[in-house]
Amino acid sequence: MVYLALTPQGLREILNASDSVTTAVWCSADALSEAEFEKLERDNVTRFTYSFADTDKATIQDALATIEEHHPGERVWIESVVFRT
């Protein structure tokens, strides 16, 4: 299983989960800054260099294709963000 975190909160939740040390985690640039990523002492986290905020379906599909290249055949869980007005 692979997680794709889109927000800092979602990334924190995944990293605090008991199985997060062995689970592949990918995140958007919005979820973790470059400086925070450099300080992160986790081998299982990969950071995209671009934001997924206000992104289109094609960008998400490209990100999923990249994840698939690195984790063929694995299920990818994507953080869902619900906005309330």
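The following legends describe close-up views of a predicted model. Residues are numbered from 1 along each chain as its sequence is written, and side-chain values use heavy atoms, with hydrogens and water left out. Local features need pLDDT of at least 70 and side-chain atom pairs count only at pLDDT 80 or more, whereas totals for chains, interfaces and linings use all residues.

**View 1. An open sheet of 4 strands with parallel pairing.** The order of the strands is β3-β2-β1-β4. The edge strands, each pairing on one side only, are β3 (45-47) and β4 (76-78). Neighbouring strands of this sheet are turned against each other by 20° on average, direction ignored. Such angles run from 0 to 180 degrees between N-to-C directions, the axes being lines fitted to C-alpha atoms. Strands (E, at least two residues) and helices (H or I, at least four residues) are DSSP runs numbered from the N terminus, and two strands pair if DSSP finds at least two bridges between them.

**View 2. Strand β1 and its partners β2 and β4.** Strand β1 (residues 2-5) runs parallel to β4, to which 3 bridges join it. Strand β2 (residues 24-27) is likewise parallel to β1, and 4 bridges link the two. V2 stands opposite V76 in β4. Y3 has V25 as its bridge partner in β2 and W77 as its bridge partner in β4. In general, strands of a sheet pair through backbone hydrogen bonds.

**View 3. The salt bridge between E34 and R47.** The two side chains meet at 2.9 Å, N to O. A salt bridge is a side-chain nitrogen of Lys or Arg within 4 Å of a carboxyl oxygen of Asp or Glu; by this rule the count comes to 1. E34 lies in helix α2 (residues 34-39) and R47 in strand β3, so the pair ties together parts that are 13 residues apart in sequence. E34 is partly exposed, with a relative accessible area of 40%, while R47 counts as buried at 16%. Buried means under 20% relative accessible area, exposed over 50%, and partly exposed in between (1.4 Å probe, protein chains only).

**View 4. E79, a buried residue without a salt bridge.** E79 is found in the segment after β4. The nearest side chain of opposite charge, R12, is 9.2 Å away from E79; Lys and Arg count as positive and Asp and Glu as negative, with His and the chain ends not counted. The side chain of E79 reaches the backbone nitrogen of L6 at 2.7 Å. Apart from neighbours within four places in sequence, E79 is in contact with L4, A5, L6, T7 and G10, where contact means heavy atoms within 4.5 Å.

How values were computed
Polar contact = N/O pair within 3.5 Å; in protein donor to acceptor, adjacent residues only side chain to side chain.
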